[in-house]
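Open the model in your viewer and keep the selection panel at hand. Each stop below says what to select and what is there.

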Amino acid sequence: MPASSESSAVPKKLRVYVPATVPMLRELVKDREIRALNDTAFAVTPALREAYASGDDEELAEVAMAEAARASLRLLAEEQAVADLGGEDAGDEAGEAAPRGPIFRRAVIAADVTGATLRPDLDDAVVRLSAAIPYDRIASIHVDLAEAESEVAKAVEVIDAADMGDADAEFVLGDAEDHQLAWYAAQELPFLLDLL
């Protein structure tokens, strides 16, 4: 039998980092669960441990979260592309204009899941989730503060070029990634969203 590109499922509970955007966080609050885009998340995997000669679990978790935060930039770029194609919003039935374009804040959801599948063929920290994540499995939410928005917006413009190895684009990404994501408990998320 040919070897599958997917490794076997992780048998125990695993802390995963799911890239997200503010609209995705709003859906999470509304639906009380979230399904990662393409069921893709990031975690401290055996391949990630092997890629780093040193580093404890906390440091490796920061690497996995940074990968998820970078993936959040790609989600923001997609939201921006959709907004650009949509042109002027017609507004809602009450005559108010709907918000245009993304809120330029990276977001990462940390959750404890079972049934994740290792995907070292995609990248060292990538895992494939087997189902939506219920709200009660969410450990924390990590979101950029307002002060990061201008650098994040610039990073969204160059994420594709950075993926292709453009050094100038990587420098712009570095400015955004210098901002630490703020930590929020899962129960704080509705209050955070009210402020955005």
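Select Arg70, Leu73, Arg74, Leu76, Ala77 and Gln80 in α3. They meet Val152, Ala155, Val156, Glu157, Ile159 and Asp163 in α4. Contact here means heavy atoms within 4.5 Å. Helices are DSSP runs of H or I with at least four residues, strands are runs of E with at least two, and both are numbered from the N terminus.

A word on the source: this is a predicted model, in which local features need pLDDT of at least 70 and side-chain atom pairs count only at pLDDT 80 or more, while totals for chains, interfaces and linings use all residues. Residues are numbered from 1 along each chain as its sequence is written, and side-chain values use heavy atoms, with hydrogens and water left out.

Now show α3 and helix α4 (residues 149-163) as cartoons. At what angle do α3 and α4 pack? The angle is about 100°, and their axes lie 9 Å apart. The axes are lines fitted to C-alpha atoms over the stretch in contact, and angles run from 0 to 180 degrees between N-to-C directions. α3 and α4 are therefore roughly perpendicular to each other, a label for angles of 65 to 115 degrees.

Stay in α3 and pick Arg70. Is Arg70 buried or exposed? Arg70 counts as buried, at 17% relative accessibility. Buried means under 20% relative accessible area, exposed over 50%, and partly exposed in between, using a 1.4 Å probe and protein chains only. Leave aside the neighbours within four places in sequence, and Arg70 is in contact with Ile159, Glu170, Leu173 and Glu177.

Next, select helix α1, residues 22-31. Color Val22, Met24, Leu25 and Leu28: these are buried. Look down the axis of α1. The buried residues fall within an arc of 160°, so they line one face of the helix. That arc is taken from the directions from the helix axis to the C-beta atoms. An α-helix has 3.6 residues a turn, so residues three or four places apart point the same way.

What covers the buried residues of α1? The cover includes β1 (14-20), β2 (33-34), α3 (57-86), β4 (107-113), β8 (138-143) and α6 (189-195). Step just past α1 to Arg32, which takes a positive phi of about 65°.

Time for charges. The structure holds eleven salt bridges. A salt bridge is a side-chain nitrogen of Lys or Arg within 4 Å of a carboxyl oxygen of Asp or Glu.

- Select Asp112 and Arg15. Their side chains meet in a salt bridge at 2.7 Å, N to O. This pair links distant parts of the chain: Asp112 is in strand β4, Arg15 in strand β1, 97 residues apart. Arg15 counts as partly exposed, at 34% relative accessibility.
- Select Arg49 and Asp57. This salt bridge spans 2.6 Å, N to O. Arg49 is partly exposed at 39%, and Asp57 is partly exposed at 48%.
- Select Arg119 and Asp121. Here the N to O distance is 2.4 Å. Arg119 is buried, at 7%, whereas Asp121 is partly exposed, at 40%.
- Select Glu27, Lys30 and Asp31. Salt bridges that share partners join these residues into one network.

Finally, zoom out. The protein has six helices and nine strands. Buried residues make up 42% of its 196 residues. Of the contacts with a separation of 6 or more, 80% come from residues 24 or more positions apart.

Note on methods:
Parallel < 35°, antiparallel > 145°, perpendicular 65-115°, else oblique.
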